[in-house]
Amino acid sequence: VFARTELARSASWAASYALADEAVDADEAAFQVHAAASYAIETARLAASECVQLHGGIAITWEHDAHLVFKRAHALGHLFGSPERHRAAVTL
């Protein structure tokens, strides 16, 4: 999970720099944004599922905050689009 988080962080930084730099064309910036969103949302899903798995049955009850992490990761996928949608928007 740590390695995937670091990949998502690097992709997010690259997308931020691409959007801030006027020398980067719009197609490259869009590619960077879609790649970063795909990494970040997929990593959020992975981290949430591993959190629930690690904590077992208590993770889906009100006695532990792991259910909030799971719900947030699920909501991010609906709010910003699924990783599959972002990967489909990228032309290779």
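Glu84 and Arg87 sit three residues apart in helix α4, about one turn of the helix, where helices are DSSP runs of H or I with at least four residues, numbered from the N terminus. This is a predicted model, in which local features need pLDDT of at least 70 and side-chain atom pairs count only at pLDDT 80 or more, while totals for chains, interfaces and linings use all residues. Residues are numbered from 1 along each chain as its sequence is written, and side-chain values use heavy atoms, with hydrogens and water left out.

Glu84 and Arg87 also form a salt bridge, with their closest N and O atoms 3.8 Å apart; the term stands for a side-chain nitrogen of Lys or Arg within 4 Å of a carboxyl oxygen of Asp or Glu. By this rule the count comes to five salt bridges, and three of these pairs are listed here.

| Salt bridge | Closest N and O atoms |
|---|---|
| Arg4 and Glu42 | 3.5 Å |
| Arg45 and Glu84 | 3.9 Å |
| Glu84 and Arg87 | 3.8 Å |

Arg4 forms its salt bridge with Glu42, and because Arg4 lies in helix α1 and Glu42 in helix α2, the pair ties together parts that are 38 residues apart in sequence. Arg45 forms a salt bridge with Glu84; here Arg45 belongs to helix α2 and Glu84 to helix α4, so this pair ties together parts that are 39 residues apart in sequence. Arg4, Glu42, Arg45, Glu84 and Arg87 are linked in a network of salt bridges.

The surface exposure of these residues can be followed one by one, using relative accessible area (buried under 20%, exposed over 50%, partly exposed in between, with a 1.4 Å probe and protein chains only). Arg4 is partly exposed at 30%, and Glu42 counts as partly exposed at 28%. Arg45 is partly exposed with 37%, Glu84 is partly exposed with 43%, and Arg87 is partly exposed with 38%.

On a 1 Å grid over the protein atoms alone, a pocket is an open set of points where a 1.4 Å probe fits, with protein on both sides within 12 Å along at least five of seven lines, and lining residues have an atom within 4 Å of a point. About 160 Å³ of space lies in this largest pocket. Helices α2 (26-55) and α4 (83-88) each supply at least two residues of its lining, and α2 gives the most, with six residues. The lining residues divide into five nonpolar, three polar and two charged.

Elsewhere, a search of the whole structure finds one aromatic pair. The rings of Trp13 and Tyr17 have their centres 5.7 Å apart and their planes at 40 degrees, so the pair is tilted; rings of Phe, Tyr and Trp (its six-membered ring) pair if their centres lie within 6.5 Å, with planes under 30 degrees apart counted as stacked, over 60 as edge-to-face and the rest as tilted. Trp13 and Tyr17 are four residues apart in helix α1 (residues 2-20), and are therefore separated by about one helical turn. Trp13 is partly exposed, with a relative accessible area of 49%, whereas Tyr17 counts as exposed at 54%.

Technical notes
Points joined across faces, edges and corners; volume = space filled by probe spheres on them. Nonpolar A, V, L, I, M, F, W, Y, C, P; charged D, E, K, R; others polar.
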